[in-house]
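This report describes a two-chain model, taking each chain in turn and then the contact between them. The sequence and structure are shown first.

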Amino acid sequence: MDAIGIVNYLVGFAIMAAIYAVFALGLNVHWGFTGLFNIGIAGFFALGAYTSALMTTKPPDPALFEDFVFGGNWSETHFLDLGIDLWFFLGLAAAAAVCGIIALIIGYVTLRLRDDYLAIATLGIAETVRLFFLNEKWAANGSKGLYRIPAFLEGWVSPEHYDYLYLVVVLVVLSALFLAVERAVKSPWGRVLRAIREDEVAAEASGKNVFRFKLQAFIFGAVIMGVGGALFAHNIRFLSPLTFDPLLATFVIWAMLMVGGSGNNRGAILGAFVVWGIWTGTQFLPGIFSDPNFRFFMIGVLIVAVILLRPGGILGEERRITRAADS
Amino acid sequence: MPTLKNTVARLSFKWTPGRITLAIVAAVLVAGLLPFVKMSLIVNGVFLGAIIALGAIGLTLIYGVLNFANIAHGDYMTMGAYVALFLLTGAFPAFGIEGEGLGPLTFGYPLLIALPLAAAVVAAGAVLLDVAIYRRLRQRGVNAVVIAMASLGVAIALRGLVQVIWSGETQHYPREFRQVFRLPLDVRIPPDSVFIAVVAVVLVVGVYLVLTRTKMGKAMRATADNPNLALVSGIDTQRVIRWNWIIGAGLAATAGVLLAVFQAQLLPIMGWRFLIPLFAAVILGGIGNPYGALVGAFVIGVTSEVSTQWINPSYKPAVAFAIMIVVLLMRPRGIFGDSG
């Protein structure tokens, strides 16, 4: 591979790592700050990706044997363009909204109950979403998938340089989300979330409506995951139900958050780059290390090892001391 | 606050007004729907329920005693199925133990040897994993949900291991084609299903006897009820936990082998996909309650099977999930959990 090839590879790598970092941030809101155990990230991933893709893609073309019934065609709708592809942001917003609504429903049912009910419910949602898109061909073309998903600002740069542009886009969105989450968790609201994570009974006893805060945090995290799904859809530009297998759409993200440092937003982003680096880097290694199944196994070992040996991950949670404690 | 109260492994059952109403509603619903349902689906659902029951009873016992959701339970099933595959296709033939088509069954007598061996191997593995991982976390006094998180890591690692050793391809036990039993009402029962039902009944009765008649069973129930009280009353909780894993993982491995026989194939993801029916059964029956899990398993098995009369069969896990959500909305502590 020549130098330009390597740079192109790294740019492609950075786009995916940054999209994963968005999911790790969302999971950090769930698990890192609030202690919500979501093992169905793949469900929100798929919902976000499909929502944005379906809203922006051209209507189905019978000549291409497309079986689905609806494409929002936002990318070709003139008043949504304004010369800056405004539709892209509307797609992100739609993805975020759908994930938020689903999180509201699931959270409303399960967040009053034991902690681990949420885990099972999110697992159920992920499986239901997968089965829906697999079986309901009218919704999104079934296993043939959607393959005419539009790209943001296509035509602004030549196709071979497009990835540079999209990397900037993803990094801008990631930074905005990072600042939003940082601000949220540093606020009194975030302090309540951490109180709930540490001791739910004490938080309840201090007069906090634990259910409400948990529900808000669950929706917030799911909204971020929806945005991540949309970013993914317009990068890969092909979606099928097989894209969202639990390994690459849930487990890897858990490993990223645990490795980087649960409860630390910088850690979540760092973890995404480190774990995605290990994941993609090991495929060049000789022998068993490049076997995808072995790498699958190692993702599990990594999660257990972090919990046992270094529960704080690489960075660990930042100590946040209130102003009241200073004086 | 129901969330604050410890869930209790109850082995007694009382008819409260709420339960009577529920039973009447359920009976009316079932009686009303019965004429429209194919008998064969109900029968098939009972067999599926038997497999769910074996997994769910172990899961609920672990839930009750150790107070965490064992996300790896489905992968203990997968492990059991694949250990049996290794024995049937790798180890046994080396010693001349081979054969399929025992009587009306698709498999041969080697499976009868492989089944307990696979259960023993997985049970031993589960005890080792407890010592290596979960016990340390318990001693550190971490939140139960962190232990569940660790079990997610274990689940991923186990499935990865299965794929490394046996590849991700579909496999099956050595089998011979067999005719199904034809019964009235267009009911067809594969002979293998009868075997599954027999194994399940024997094991469920066995677990019942262990829990009610042995000292260890009483100690397990006491620990599930109140671990601290059990400890100060001189119960060796370490031993209880060990037996808990042996029984739970052994049942799971058995369920895995039976599932592989039932579906006539093995896939590394089979156990993970089975988690939803398992947890649905456990939650339906009330966490920590083995009787509840048993009833919940048959409810889930029959309803998800019967649902295929109207909706696409591949939605079965979604049906189990939907039932679970409805139950959580109406009775958050399960049908057999205490109200409130």
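## Chain A

Among contacts in chain A between residues at least 6 apart in sequence, 76% join residues at least 24 apart; two residues are in contact if their C-beta atoms, placed from the backbone, lie within 7 Å. The model is predicted, so that local features need a pLDDT of at least 70 and side-chain atom pairs count only at pLDDT 80 or more, while totals for chains, interfaces and linings use all residues. Residues are numbered from 1 along each chain as its sequence is written, and chains are lettered from A and ligands numbered from 1 in the order in which they are written.

Chain A contains 13 helices and 0 strands, where helices (H or I, at least four residues) and strands (E, at least two) are DSSP runs numbered from the N terminus. The radius of gyration of chain A, taken over C-alpha atoms, is 20 Å, close to the 20 Å that the globule rule gives for 327 residues, so chain A is as compact as a globular protein of that length. That rule is 2.2 Å times the number of residues to the power 0.38. The C-alpha atoms of chain A fill a box of roughly 65 × 45 × 40 Å along the principal axes. Buried residues account for 51% of the 327 residues in chain A. A residue is buried if 20 or more other C-beta atoms lie within 10 Å of its own, exposed if 12 or fewer, and partly exposed in between, with C-beta atoms placed from the backbone.

## Confidence in chain A

The mean pLDDT of chain A is 88, and 96% of the residues score at least 70; pLDDT is the predictor's confidence in each residue, from 0 to 100. Among the elements of chain A, helix H9 (residues 210-236) has the highest mean pLDDT (95), and helix H13 (residues 323-326) has the lowest (51).

## Chain B

Chain B has 12 helices and 2 strands, in the order α-α-α-α-α-β-β-α-α-α-α-α-α-α from the N terminus on. Its radius of gyration is 20 Å, close to the 20 Å that the globule rule gives for 340 residues, so chain B is as compact as a globular protein of that length. The C-alpha trace of chain B spans about 55 × 50 × 35 Å along its principal axes. Of the 340 residues of chain B, 50% count as buried. Residues 24 or more positions apart account for 78% of the contacts in chain B with a separation of 6 or more.

Helix H11 (residues 290-306) of chain B reaches 24 Å from its first C-alpha to its last, close to the 24 Å expected for 17 residues at 1.5 Å a residue; the expected span is 1.5 Å times one less than the number of residues. Of the 17 residues of H11(B), 15 are buried.

B:Ala84 lies in helix H3 (residues 73-94) of chain B. B:Ala84 is buried, with 31 other C-beta atoms within 10 Å. Leaving aside neighbours within four places in sequence, B:Ala84 is in contact with B:Ala114, B:Leu115, B:Ala118 and B:Val257.

## The contact between the chains

The contact takes 34 residues from chain A and 38 residues from chain B. On the side of chain B that touches chain A, helices H4 (110-140), H5 (144-166), H10 (270-285) and H12 (316-330) of chain B each give two or more residues. H5(B) gives the most, with 16 residues.

H5(B) is mostly covered, with 17 of its 23 residues buried. B:Ser167, whose phi is positive, near 65°, follows H5(B).
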